[in-house]
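Here's a quick briefing to read alongside the structure. Have the model open and follow along topic by topic.

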Amino acid sequence: MNTLALTFLGTASAYPTPSRCVSCTALSHDEGIWLFDCGEGAQVQLMKSPLKPGKISKIFITHLHGDHSFGLPGLLCTVSQNSLRTEPLEIYGPVGLRHFVCTNLALSRADVCFDFIVHELETIPEQQPLDAEEWPLQVPSSVPFHPCEREGRLIRPDDNLIWHLYSDPKLTVKAVWVKHRVPSFTFVVQESPKSGKLDASKLKAMGVPPGPLYAKLKAGQAISLENGQMVSPSEVVGPSIPGRTVVVSGDSCDSSELNKVARGATVLVHEATLENSLWEQCVQNGHSTPEMTATLAKELDVKMLVITHVSQRYKTRAAELKEGDRSVQILLDEALEILPADKVILAEDFAVYTVPQQPPGGSASNMT
C-alpha cells in the first residue's frame with residue numbers, strides 16, 4: 001500500500017460557516033476511501049473535492065452530535081445516485097447510530113440502491129451523558145431493516161477497553177473511548193508492516209532466478225537451490241518497513257485512553273476548539289484547547305499533529321481581519337508553544353495531508 005492521504009472536508013465545530021464545513025475527514029488508500037465523521041454539508045464538500053463518493057467503502061462516526069453525523073443520511077442518498085458498487089458500504093459508530101440512520105431513511109422513504117451495514121460500538125458507563133437519568137438515551141433500535149440493509153455487529157470492548165472494528169491483510173482499525181458530553185470514540189488505523197527490499201545483486205550472485213523464488217523470500221520463506229544451498233530471507237531481504245498509524249479523534253476533553261493504542265503514531269488528527277484562555281468553557285463543553293491537544297501529542301510522541309474542529313469565532317488565516325476579529329492562527333501559535341513547527345499543522349477545508357511512508361524528519365510540506 002503506497003497511497004495514504006487525509007483530505008479535510010470539514011474543519012469547523014458546531015455548525016458550518018462560509019469558510020468551513022463541519023467535521024468530515026477522508027482517508028484515501030489503495031482500496032478506496034474511508035470517511036471519518038459526516039457533518040452537515042459533507043456531500044457538498046465531496047462534490048467540490050477531487051474525491052469520488054462512489055469510492056467510499058467505510059464510514060466511521062466518532063459520536064452522534066449533529067456536526068459529526070447530520071450529513072450521513074444525505075450522503076448515502078448521494079452515493080446511491082451513481083453507485084455501481086458490488087460490496088456493501090459499512091458504517092461504524094456508537095450504539096444509536098443505526099436508529100438514527102434507519103429512522104431517517106424510513107421516514108424519507110430514501111431509495112438507497114446499494115447494500116449497507118451499520119456496526120455499532122457498545123458504550124460503557126463512563127461515556128454516558130450527565131443528564132442521562134433526566135433525559136435517557138434510547139439506543140437499542142426497533143426500526144425495521146431498510147430493504148438494502150444487512151445486519152451489522154454489536155462490537156464490544158476487550159478487557160483493556162479497546163474496540164476491534166476491522167482487519168484485513170493491509171489495515172486494521174481499533175477504537176478507544178474519549179471523554180465528551182455524549183459517547184465519543186477515537187479511531188486508530190494501523191497499516192501492516194511491509195517486507196524489506198530484496199538484494200537483487202546478491203540473489204543473482206547466488207544464482208537465484210527472478211520469479212516465484214523471489215516472491216517466497218519476500219514473503220519470509222526460506223528457499224532451497226538446485227545445489228542444495230538454503231537461502232533464508234534474513235540473508236537477502238532488508239529490514240521491514242513499519243506500517244503507518246493514522247489516528248482520528250472524536251470530540252474530547254480527555255483522550256488519555258490513546259496511550260493504549262497510539263504511541264508513536266504517524267499522524268494524530270485531534271480537535272482544539274478554543275484558545276487556552278477559554279479553558280474552563282472549553283472543558284465544560286467536552287472539548288480541548290491547543291495546550292491540551294499539543295501536550296497529548298507530545299506525550300504520545302506522534303510524528304505529526306493536525307489540529308481541527310475550530311470554533312466559529314476564529315477567522316481563517318487568509319481572511320482579512322476587522323476590528324474585534326480573532327484569527328485561527330491563535331490556536332496554532334498556542335500549540336507551537338509545546339510542539340516544534342515541524343510537528344503540528346492546522347487543517348483548513350480541502351487541505352490534503354499525505355501520510356509519509358517513513359516517520360518524517362518533520363515537515364509540514366506534506367500538507368497541500
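This is a predicted model: local features need pLDDT of at least 70, side-chain atom pairs count only at pLDDT 80 or more; totals for chains, interfaces and linings use all residues.

Leucine 161 sits in the loop between strand E8 (154-155) and E9. Its backbone is worth a look too: phi of leucine 161 is near 55°, a positive value in a residue other than glycine.

**Positive phi angles**
- Most residues other than glycine have a negative phi.
- Alanine 14 also goes positive, with a phi of about 75° even though it isn't a glycine.
- You'll find alanine 14 in the loop between strand E1 (4-10) and strand E2 (24-29).
- Is alanine 14 buried or partly exposed? Alanine 14 counts as partly exposed, because its relative accessibility is 48%.

**The seven-stranded sheet**
- Seven strands make up an open sheet in the order E9-E10-E11-E14-E15-E16-E19, and the pairing is mixed.
- At the edges are strand E9 (163-167) and strand E19 (344-346), each of which pairs on one side only.
- Neighbouring strands here are turned by 20° against each other on average, ignoring direction.
- E9 and strand E10 (residues 171-178) run antiparallel and are joined by 4 bridges.
- Within that pair, tyrosine 166 stands opposite valine 173 in E10.
- Helix H9 (residues 290-300) lies across two strands, E15 (267-271) and E16 (305-308), and runs at about 155° to E15.

**The largest pocket**
- Its volume comes to about 610 Å³.
- The largest pocket has 23 lining residues, and those nearest its centre are Leu64, Pro129, Leu137, Val182 and Pro183.
- Sorted by class, the lining of the largest pocket has 13 nonpolar, 8 polar and 2 charged residues.

**The second largest pocket**
- This one has a volume of about 380 Å³.
- E3 gives the most to the lining of the second largest pocket, with 3 residues.
- By class, the lining of the second largest pocket divides into 4 nonpolar, 5 polar and 8 charged residues.

Conventions
Residues are numbered from 1 along each chain as its sequence is written. Side-chain values use heavy atoms; hydrogens and water are left out. Two strands pair if DSSP finds at least two bridges between them. Axes are lines fitted to C-alpha atoms, for helices over the stretch in contact, and angles run from 0 to 180 degrees between N-to-C directions. Contact means heavy atoms within 4.5 Å. Buried means under 20% relative accessible area, exposed over 50%, partly exposed in between (1.4 Å probe, protein chains only). On a 1 Å grid over the protein atoms alone, a cavity is a set of points where a 1.4 Å probe fits but cannot get out, and a pocket is an open set with protein on both sides within 12 Å along at least five of seven lines; lining residues have an atom within 4 Å of a point. Grid points are joined across faces, edges and corners, and a volume is the space filled by probe spheres set on the points. Ala, Val, Leu, Ile, Met, Phe, Trp, Tyr, Cys and Pro count as nonpolar, Asp, Glu, Lys and Arg as charged, and the others, Gly among them, as polar.
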